[in-house]
Amino acid sequence: GVDSKMGGRLGGSDVLLSIGADVEYALESQIGIYARGDFGLGSSQTIKLETGAKYRFTGLDFPISPYVSAHLRVTHLMNIVGANLWAMGAGAGAGVDYFLTRKFTAGLDVTFDLSSTLGEQPTAYNTSNVVLTARYAF
């Protein structure tokens with residue numbers, strides 16, 4: 001997917017290519033919890049770990065599953081103006097999964113995060129993410 005910084009005074013890449021994986025567990029038909037990790041590739045690198053909840057809109061007459069989500073995220077920023085930093089924050093998002101088969105989906109996930117770096121001089125590290133997904137249900 002694509003990860004883009006929204007403002008902030010940090011150096012490093014404004015746009016990163018990210019590669020990741022997630023696991024989702026359905027508590028009931030509409031509510032689930034998930035954990036996700038991804039690695040951003042660019043002139044700076046990021047490692048993001050997040051956990052959150054999703055609410056899926058069910059009962060549609062189409063082979064799609066739209067959802068909204070909320071999450072907490074920890075980010076390790078590497079090679080930002082020669083420094084390695086940690087950031088913590090929260091965010092929200094929305095997406096849709098299209099069922100290609102009963103167990104395989106393709107989708108789109110869009111999230112926005114409000115984060116701050118940790119340390120003596122914290123600064124905003126807010127991001128937006130647009131991710132194309134492929135999922136398989138076990």
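Modeller: Start at one turn: in the hairpin of β5 and β6, two residues lie between the strands, and Val 81 takes a positive phi near 50°. This is a predicted model, where local features need pLDDT of at least 70 and side-chain atom pairs pLDDT 80 or more, while totals for chains, interfaces and linings use all residues. Residues are numbered from 1 along each chain as its sequence is written, and side-chain values use heavy atoms, without hydrogens and water.

Colleague: How many helices and strands are in the protein?

Modeller: The protein has zero helices and eight strands. Strands are DSSP runs of E with at least two residues, helices runs of H or I with at least four, numbered from the N terminus. Read from the N terminus, the order is β-β-β-β-β-β-β-β.

Colleague: In which sense do β5 and β6 pair?

Modeller: Strands pair if DSSP finds at least two bridges between them. Strand β5 covers residues 64-80 and β6 covers 83-99; their pairing is antiparallel, over 15 bridges. One place to look is Tyr 67, whose bridge partner in β6 is Gly 95.

Colleague: Which strand does β6 pair with over 13 bridges?

Modeller: That strand is β7, residues 104-117, again in the antiparallel sense. A hairpin of four residues joins β6 to β7. Within this pairing, Gly 93 stands opposite Thr 111 in β7.

Colleague: How should I read a pocket, and what is the volume of the largest pocket?

Modeller: Rolling a probe the size of a water molecule over the atoms shows where empty space is left. Here the largest pocket has a volume of about 910 Å³. (A pocket is an open set of points on a 1 Å grid where a 1.4 Å probe fits, with protein on both sides within 12 Å along at least five of seven lines; lining residues have an atom within 4 Å of a point.) Its lining has 40 residues, of which Glu 24, Arg 56, Asp 97, Thr 105 and Arg 135 are the closest to the centre. The elements that give two or more residues to this lining are β2 (15-26), β3 (31-41), β4 (45-56), β5, β6, β7 and β8 (127-136).

Colleague: Which strand gives the largest share of that lining?

Modeller: β2 does, with nine residues.

Colleague: How many aromatic pairs does the structure hold?

Modeller: A pair of aromatic rings is described by the distance of the centres and the angle of the planes. This structure holds two such pairs. (Rings of Phe, Tyr and Trp, the last by its six-membered ring, pair if their centres lie within 6.5 Å; planes under 30 degrees apart are stacked, over 60 edge-to-face, the rest tilted.) The ring centres of Tyr 55 and Phe 57 are 5.2 Å apart with planes at 80°, so this pair is edge-to-face. Tyr 136 and Phe 138 also form an edge-to-face pair, at 5.2 Å centre to centre and 75° between the planes.

Colleague: Is Phe 138 buried or exposed?

Modeller: Phe 138 counts as exposed because its relative accessibility is 89%. Of the 138 residues of the protein, 36% count as buried.

How values were computed
Points joined across faces, edges and corners; volume = space filled by probe spheres on them. Buried < 20%, exposed > 50% of the residue type's maximum accessible area, 1.4 Å probe, protein only.
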